[in-house]
Each structure stands twice: as C-alpha cells, then as structure tokens.
Amino acid sequence: MAPPLPDMSYLIPHYETYPSLAKLVLGFFLFYAVIHFIYWQLTTGARRRGLIEKHGCKPINDTAELQSWKDSIFGWTQLAVTIQARKQGNLLVTTQHRFERNGNTCHFKIAFTDIIFTVEPENLKAILAVNFKDWNIPDRRKAASIPLLGHGIFTTDGSEWQHSRDLLRPNFVRDQVSDLATFEAHFRHLVANIPRDGSTVDMVPLFLRLTLDSATEFLFGESTNCLVPNSPDNEAHRFQDAFNRLQEEVGNAARGIPFFMRLNAEDVKTVHRFADHYVKLALARHDNQLLEKTIPNGGGRVRYVFLHELAKSIKDPIRLRSELLNVLLAGRDTTASLLGSLWFTLANRPDIWTQLRQEVDALAGAHPTFEQLKNMRYLKSCLNETLRLYPVVPHNTRMSITDTVLPLGGGPHGRSPLLIPKGTIVGWSLYAMHRRTDLFGQDAEDFRPERWEKLRPG
C-alpha cells in the first residue's frame with residue numbers, strides 16, 4: 001500500500017471571500033424595507049389605526065369594476081367609459097348610474113388613480129365645512145388652471161386661499177351687486193338679438209355673452225359689449241373666443257383627457273393681454289390718487305367697479321389679473337348655465353311658464369327693484385329647482401392633505417365612517433345627489449318648483 005501524499009495545501013494561495021455587489025445592494029434594500037415598515041407602523045400606521053378605532057371606520061366595498069385585476073391596477077375601463085360618455089354628452093347620467101349600481105359612496109380606479117366618489121350630503125359637509133382644512137384642490141386641477149387663471153381664490157389652498165377670500169368678500173355685499181340699471185342695459189342688448197319671426201334660437205351663446213358683458217362691466221369697469229348688434233370684431237370679441245376655447249382645454253386637462261395637454265399659448269396671451277389693459281388703468285388711477293373718484297351710472301348713482309376697489313389692496317398687477325380672471329370664470333359660466341337650463345325647462349313646460357309669467361305680470365311692466373326680485377317666490381323656486389336638477393358645478397373633487405375620516409361610506413351598506421388616507425382624491429356629483437329619491441321623493445327627476453315651498457337650500 002502506497003503511503004499517503006503529504007499535505008501540500010499550504011502551497012496554494014488563499015483568498016478571503018466577500019459577498020458580491022448584487023448581494024450587498026439586495027441586503028441594503030431589504031434592511032431599508034424592514035426599517036421603513038417598522039417606522040411606518042409606529043407612525044402613520046398607528047395614527048390610522050387610532051382614527052379607525054376612534055371613529056369606528058369600516059373598509060369601503062370595491063365596485064364590480066375593480067374585481068378585474070387589470071382594472072384594479074390600471075383602471076383603463078373606467079377611463080374609457082368616462083371618455084366615451086363625455087363624447088356622447090351623457091357623462092352626468094353615466095355618473096348617476098354608477099352610484100345606482102354601486103351605492104352612495106364607492107371606490108373606483110381611473111388611469112392608475114384611486115378615487116372615492118360620494119353623493120352623501122354628510123360627506124360633503126365634512127369636506128367643505130367641518131374638516132375643510134383637511135382638503136386641497138387636486139394637483140392636476142391646479143396644474144391645468146394656473147397657466148390661465150394664475151393664483152387666485154379658485155386655484156389656491158390654505159393661507160393663500162384665505163387671503164384671497166378676505167380680499168374678495170367685502171366686494172360682494174348687497175350694495176355692490178344690486179345695481180339693476182347696469183343689468184338692464186345688457187338685458188336690452190340680449191332682447192335685441194332674439195328674432196321676432198318666431199324662429200328657433202339657441203339661447204346658450206347669447207346667455208354666455210350676456211354674462212360676459214355684465215361681468216366685465218362689474219369687474220373691469222368696462223363691458224366687452226359682445227351682445228351689441230353689429231359690434232366690430234375687436235379685442236373684446238377675441239378675448240371672448242379665446243376664453244371659451246381655454247375653458248374647454250382647462251376642463252380636459254384637469255380630467256387628464258388627453259394626457260399632458262397644454263393650453264393654447266396664443267389664447268392665453270389674448271386673455272391676459274385683455275385683462276392686463278384694465279389692470280394697468282386701475283393701477284394708474286390709484287397712483288394718480290384718482291381711485292376715490294367715482295364713475296356715474298345711468299341713474300346718477302355711483303357705479304361700483306370691482307377692479308378699482310381691489311387695486312386699493314393689491315399692487316401686484318399679476319395678482320390683480322389672477323383674482324379678476326378667477327372671479328370672471330365663476331361669475332360668467334355659472335350664471336349662463338343657470339339661465340340656459342331654466343329657459344330650456346320653460347320651453348318644454350308651458351304650465352310653469354304661464355305661472356311664472358303671472359308673477360312677473362304683477363309688476364305691470366315696471367322695472368323691478370332689488371327687494372321686489374327677492375320677494376318673487378315662484379321665480380325663486382324655479383331658480384332653486386333648476387339648480388337642483390342642473391347644478392352649475394355638477395361634479396367636483398378634493399384631495400386629502402392629511403389622514404381624515406368621512407362620516408359615511410364604510411361597511412357593507414356604506415353607513416359606517418370611512419378612513420381617507422392622506423393623498424386620496426374624493427369626488428362628488430351634485431347632479432346625482434340631487435336626484436336621490438330618498439332625499440327628494442319619488443319625483444326627484446321631475447321639475448317641480450312647488451317642492452321649495454317647504455324645502456330650504458342647505
């Protein structure tokens with residue numbers, strides 16, 4: 001038997017082994033994930049568990065549309081449904097049917113975005129009043145609106161919003177909005193545009209011009225006069241056309257349709273140039289200490305000009321322009337929408353037209369005073385019923401900026417409180433809520449002004 005070979009391993013070089021770079025990176029991320037999970041559980045998780053226990057929150061039921069794994073991740077189905085409904089002009093009805101299928105508070109995913117939709121009055125009260133500081137305007141809507149409107153009351157949050165509100169609120173007291181002589185002039189221009197031969201006329205474009213003419217006179221001190229017959233194609237008309245197009249683009253961009261949409265730069269310049277002209281005039285009046293001088297109206301009284309009053313507090317021309325355009329957007333479209341919906345209803349309901357005409361005829365052809373308008377009960381009921389069935393802002397959204405709670409929406413029947421984590425978008429539909437039969441009766445879809453003899457807004 002041959003003797004064993006001697007151990008020669010000491011002659012082989014020995015290298016100390018180290019983990020590979022990939023293992024180091026993987027180990028780091030695993031360690032970070034564990035630490036982050038523990039930290040999250042001790043902070044955010046603990047805070048949310050506390051809210052759930054304090055308020056008795058229950059999870060929301062997922063809609064049938066989220067049962068598909070593709071829709072639960074991407075949300076393409078709801079995006080496609082929304083785009084198609086908008087093209088067909090029945091987006092509001094489609095939204096109403098969503099609530100009828102899924103309950104008064106439901107969870108959707110649209111284009112990667114989780115959204116809670118609700119038509120519960122108590123939830124709106126929590127968002128817009130009780131827990132107002134917990135909510136902001138969604139980032140997408142700000143990004144879509146600011147290039148046109150700038151930083152104003154409808155594009156800001158928090159202290160900046162409060163500052164805008166404090167500046168604007170004194171300008172909308174009764175003495176400032178009850179100047180009926182100014183409105184009478186624009187109303188006569190409207191009547192002059194209606195054909196006398198009994199032919200059909202589309203009133204919506206006329207109402208949009210009416211509200212633009214009256215709003216610009218109140219805000220800028222000078223009307224666009226777009227309703228004046230045979231008026232020349234001037235800067236005011238270009239402003240009106242550009243503003244119309246931009247409003248459509250802002251709406252599409254805020255909804256993400258199409259993605260990454262940018263506003264037409266030339267239209268933005270046209271709108272800003274028009275507003276800047278009046279801003280410069282107002283600041284020049286102030287610099288020359290002429291701001292206190294008044295502008296007489298047709299009745300010998302002092303005509304109030306919003307911009308002149310605002311220029312007493314704001315010297316930054318960009319900020320002045322932003323506040324002007326924010327208020328113009330609200331004052332023009334909402335009123336035109338209300339008038340259009342009311343006239344559409346009157347055209348189809350001769351019984352309501354007859355009763356409303358009887359109340360107006362009691363004036364015997366005289367121009368009404370502000371007090372007389374306030375006391376026309378059937379007219380007020382018709383306006384309330386129009387706003388109920390055709391709200392001027394039928395859909396809106398907010399984004400939670402902290403963990404908060406909605407009073408309703410959790411549990412199998414949606415009657416329990418619902419935890420809303422920070423960064424969640426919550427939307428609501430006044431169009432659908434105002435058609436709830438449990439709130440307004442079995443005739444909720446019917447236009448019936450008489451219901452407001454007992455109902456009170458809010």
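Let me begin with a definition: a residue is buried under 20% relative accessible area, exposed over 50%, and partly exposed in between, with a 1.4 Å probe and protein chains only. What you see is a predicted model, in which local features need pLDDT of at least 70 and side-chain atom pairs count only at pLDDT 80 or more, while totals for chains, interfaces and linings use all residues. Residues are numbered from 1 along each chain as its sequence is written, and side-chain values use heavy atoms, with hydrogens and water left out.

The protein has 19 helices and nine strands; these are DSSP runs, helices being H or I of at least four residues and strands E of at least two, numbered from the N terminus. Of its 458 residues, 41% are buried.

I turn now to salt bridges, each defined as a side-chain nitrogen of Lys or Arg within 4 Å of a carboxyl oxygen of Asp or Glu. The structure holds 24 of them.

One of these links E235 to R238, with the closest N and O atoms 3.1 Å apart. The two residues are three apart in helix α11 (residues 235-255), so about one helical turn separates them. E235 is partly exposed because its relative accessibility is 25%, and R238 is partly exposed at 39%.

Another salt bridge joins R319 and E323, at 3.0 Å from N to O. They lie four residues apart in helix α14 (residues 317-348), and are therefore separated by about one helical turn. Are R319 and E323 buried or exposed? Both are buried.

Finally, D351 and R349 form a salt bridge of 2.9 Å, N to O. D351 has a relative accessible area of 44% and R349 one of 28%, so each counts as partly exposed.
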